[in-house]
Number of protein chains: 2
Amino acid sequence: MASDKIDSEEAVVAAFWAPLAAGFPGAFGLKDDCAAIAPEPGCDLVVTADAVIEGVHFFPGAMAHEIAWKALAVNVSDLVAKGATPFAYVMMIALPGAPERRWLAAFAEGLHRAQEKFGCRLIGGDTDRTPGPLSVSITAFGSVPAGCMVRRSTARAGDLVYVSGTIGDAALGLDHRRDVGLSAYYGRTDRFSKPVPPVALAPVLRHHVSAAMDISDGLVKDFRRLCGASGVGGRIEAKSVPLSEGALAVLIVEETSIERLITGGEDYEVLATVAPQHAADFEGAARTAGVSVTQIGVIKEAAHGVRVIDAAGKDLAFATTGWDHFAP
Amino acid sequence: MASDKIDSEEAVVAAFWAPLAAGFPGAFGLKDDCAAIAPEPGCDLVVTADAVIEGVHFFPGAMAHEIAWKALAVNVSDLVAKGATPFAYVMMIALPGAPERRWLAAFAEGLHRAQEKFGCRLIGGDTDRTPGPLSVSITAFGSVPAGCMVRRSTARAGDLVYVSGTIGDAALGLDHRRDVGLSAYYGRTDRFSKPVPPVALAPVLRHHVSAAMDISDGLVKDFRRLCGASGVGGRIEAKSVPLSEGALAVLIVEETSIERLITGGEDYEVLATVAPQHAADFEGAARTAGVSVTQIGVIKEAAHGVRVIDAAGKDLAFATTGWDHFAP
């Protein structure tokens with residue numbers, strides 16, 4: 001019977017990572033030192049890099065397949081919001097202690113499901129041991145027609161503001177993990193541990209939006225970033241922010257607040273701005289792609305500031321607008 | 001006066017990382033979520049990923065600029081050995097505790113020097129805090145004419161075996177750090193903390209060699225890997241392995257052994273195989289590129305095995321052939 005411990009990096013790669021590279025010729029079965037990407041003619045390669053660390057981005061003891069899914073999903077989310085179609089990624093994983101077959105198999109299965117869902121293949125990486133916590137650092141690659149990467153700095157006054165999907169479900173998922181005594185509605189969504197960025201929206205974005213970014217650190221914070229990068233102001237109507245049935249239920253019984261939902265982060269949905277004359281085409285194309293999009297506000301001149309308006313028409317104020325690693 | 005602590009990830013990126021992206025349009029000044037690479041027509045993109053972790057790949061308390069240099073150099077080393085010309089990289093850095101300006105400035109200066117030396121630019125990444133040790137995970141990009149990435153699996157019986165530079169200096173540097181009482185010869189080389197992969201050799205390799213890889217885990221171990229991947233055997237003559245003056249001096253006074261030098265690892269030189277009829281051209285082109293290369297052995301049929309022969313013509317045996325993270 002095979003030991004549950006594995007004694008070489010090459011054995012880990014061959015048993016668990018190499019199957020994830022099947023079908024990508026330039027990955028060379030993960031048997032060489034580098035991968036080769038043959039870019040499609042007329043396309044740019046879009047690149048993003050995000051790490052997830054135990055105790056920072058996921059709870060200690062989180063399930064291996066969930067960690068794997070999330071590590072890939074947060075990167076895919078960035079690509080999608082830039083209008084790029086994901087196709088490959090490399091992974092650097094730092095394992096605390098000797099890796100166990102069962103854990104590695106579950107992790108690889110999570111990666112497998114995520115890459116099938118998102119349409120990409122593992123093409124290389126690095127497997128290390130660390131005296132610290134588990135960390136998974138992924139660099140992901142997408143493709144866009146040359147010069148067509150969607151930027152966050154190109155929103156214009158008068159553009160309409162949209163989000164994909166629903167907002168706040170990950171925040172509720174996080175709250176539920178921290179306090180399982182909370183109402184059962186919290187448990188309805190598993191968006192904190194299993195975000196699903198809307199890959200089908202990528203081609204829609206590159207044809208129809210003026211600017212976009214993904215929502216990772218909270219809708220309010222990321223909206224401010226988009227406005228700041230574009231040198232504009234803007235307004236979000238809190239009552240227009242799309243909520244899941246679960247979130248709405250929790251909000252109604254006042255176990256959470258709209259402030260919590262729109263600043264909680266980890267939504268991994270898309271925030272986009274669309275010129276009014278393209279709004280109908282954008283909405284139609286999103287519908288055809290099977291992705292719900294909702295108009296939640298409008299871009300204004302910079303002098304307007306960046307504001308969130310409640311149902312009574314008053315400005316909402318926030319103690320914190322979202323997540324920052326380095327906040328005091 | 002500015003505080004020595006920094007309180008936002010964006011401030012770290014703007015102050016320390018963004019200057020390293022200057023001159024690469026698709027990095028967008030590190031102000032967007034992704035970078036865009038416009039591939040040269042007719043070229044493949046070569047991708048590699050390697051992390052360095054405090055306490056694993058460098059000593060706790062190592063100097064910031066040395067850590068930065070090494071983190072980039074180990075990636076450049078992989079690209080160069082594949083015949084790829086480095087041009088860009090992304091970096092995911094996990095910082096223990098709040099980052100200090102002085103440390104970040106020294107780290108950025110080390111990256112700056114390394115990227116000037118190696119000809120590449122920072123184009124993106126992720127800056128996190130970690131409850132664990134400092135880790136720096138880099139994914140680096142190089143360019144080769146389409147289909148021309150040099151492989152490790154394409155050596156043929158009869159090929160000559162070459163290495164670039166000198167072997168064993170990093171092992172001596174490591175020994176010296178562990179025991180400063182060792183002779184002053186050890187201190188002559190700083191190849192453990194500051195490896196310098198031979199970037200100028202990349203175009204020479206893609207024109208003249210049959211197979212190549214970089215030497216990171218020890219010459220003997222990596223030679224075995226190359227032979228294994230190529231399905232061949234091979235022989236290295238230990239007396240032919242090029243040594244620096246410092247290494248030779250330590251060897252003569254018997255403070256180290258040839259076994260230590262050729263299994264120590266972290267050389268970040270190139271191991272290459274060359275068909276005999278191309279050897280003169282390869283040596284000439286390497287000379288023109290200003291990189292020393294030395295023939296140290298020959299590729300044999302698989303039945304010959306992989307052997308290292310001492311000055312007396314006897315087989316050398318090794319307790320360990322090189323470094324493995326997961327060795328028991």
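This is a predicted model: local features need pLDDT of at least 70, side-chain atom pairs count only at pLDDT 80 or more; totals for chains, interfaces and linings use all residues.
1. Residues are numbered from 1 along each chain as its sequence is written, chains are lettered from A and ligands numbered from 1 in the order in which they are written, and side-chain values use heavy atoms, with hydrogens and water left out.

2. Between chain B and chain A there are ten salt bridges, a salt bridge being a side-chain nitrogen of Lys or Arg within 4 Å of a carboxyl oxygen of Asp or Glu. One salt bridge pairs the side chains of Asp32(B) and Lys82(A) (2.5 Å, N to O). Over all chains, the count comes to 26 salt bridges.

3. Another salt bridge links the side chains of Glu10(B) and Arg225(A) (2.4 Å, N to O). This pair joins two chains, because Glu10(B) lies in helix α1 of chain B and Arg225(A) in helix α6 (residues 219-230) of chain A. Helices (H or I, at least four residues) are DSSP runs, numbered from the N terminus.

4. In chain A, the axes of helix α1 (residues 9-17) and helix α3 (residues 101-118) come within 10 Å and cross at roughly 45 degrees. α1(A) is therefore oblique to α3(A); angles under 35 degrees count as roughly parallel, over 145 as roughly antiparallel, 65 to 115 as roughly perpendicular and the rest as oblique. Axes are lines fitted to C-alpha atoms, for helices over the stretch in contact, and angles run from 0 to 180 degrees between N-to-C directions.

5. Val12(A), Phe16(A) and Trp17(A) of α1(A) meet Arg101(A), Leu104(A), Ala105(A), Phe107(A) and Ala108(A) of α3(A) in this contact. By class, the contact of α1(A) with α3(A) has seven nonpolar, no polar and one charged residues.

6. In chain B, helix α1 (residues 9-17) and helix α3 (residues 101-118) have axes that come within 10 Å and cross at roughly 45 degrees. α1(B) is thus oblique to α3(B). Val12(B), Phe16(B) and Trp17(B) are the contact residues of α1(B), and those of α3(B) are Arg101(B), Leu104(B), Ala105(B), Phe107(B) and Ala108(B).

Definitions and conventions
Contact means heavy atoms within 4.5 Å. Ala, Val, Leu, Ile, Met, Phe, Trp, Tyr, Cys and Pro count as nonpolar, Asp, Glu, Lys and Arg as charged, and the others, Gly among them, as polar.
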